[in-house]
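This briefing is intended for a reader new to the structure.

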Amino acid sequence: MRTNRVSLAASILASFAGVAVSVMVGVATYYVSTKAKQAFWIEKVYSKPRGKHRRSVKTNYVYYKYHNYTKHIKTIYKVREYVG
């Protein structure tokens, strides 16, 4: 339980440095680790152009209870827009 609190606190501190996504990941990690003794996840990243100088990047975090990726727990996703 102490590790969960440390990971949550670290992600919140990182968000003040401008990395807001780490809060979502930290909260998800805290949630999964408090509800399950162990969790496994798959991270998928999708990228798509959105005009001449824009790009959208979507990342999915799919959490499972077992090592063979069965018993779905929760899916969390984030979308980021890049301009430049």
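In this predicted model, Thr 59 is in contact with Glu 43, Lys 44, Val 45, Ile 76, Tyr 77 and Lys 78, leaving aside its neighbours within four places in sequence. Thr 59 lies in strand 2, which spans residues 54-64.

- Thr 59 has a relative accessible area of 6%, and because buried means under 20%, Thr 59 counts as buried.
- Thr 59 and Arg 80 are 21 residues apart along the chain, and their C-alpha atoms are separated by 8.5 Å.

**A charge over a ring**

- The charged end of Lys 58 sits over the ring of Tyr 77, at 5.0 Å from the ring centre.
- Tyr 77 is also one of the residues in contact with Thr 59.

**Aromatic pairs**

- The structure holds two aromatic pairs.
- In the pair of Trp 41 and Tyr 63, the ring centres are 6.1 Å apart and the planes stand at 45°, so this pair is tilted.
- This pair links distant parts of the chain, with Trp 41 in strand 1 (residues 40-49) and Tyr 63 in strand 2, 22 residues apart.
- Trp 41 is partly exposed, with a relative accessible area of 49%, whereas Tyr 63 is buried at 4%.
- Tyr 64 and Tyr 69 form an edge-to-face pair, with 5.7 Å from centre to centre and 80° between the planes.
- Tyr 64 is buried, with a relative accessible area of 16%, while Tyr 69 is partly exposed at 40% relative accessibility.

Note on methods:
Residues numbered from 1 in each chain as written. Predicted model: local features only at pLDDT ≥ 70, side-chain atom pairs only at ≥ 80, totals over all residues. Heavy atoms only, no water. Helix = DSSP H or I, 4+ residues; strand = E, 2+ residues; numbered from the N terminus. Buried < 20%, exposed > 50% of the residue type's maximum accessible area, 1.4 Å probe, protein only. Contact = heavy atoms within 4.5 Å. Phe/Tyr/Trp six-rings, centres within 6.5 Å; stacked < 30°, edge-to-face > 60°. Lys NZ or Arg CZ within 6 Å of the ring centre and 35° of its normal.
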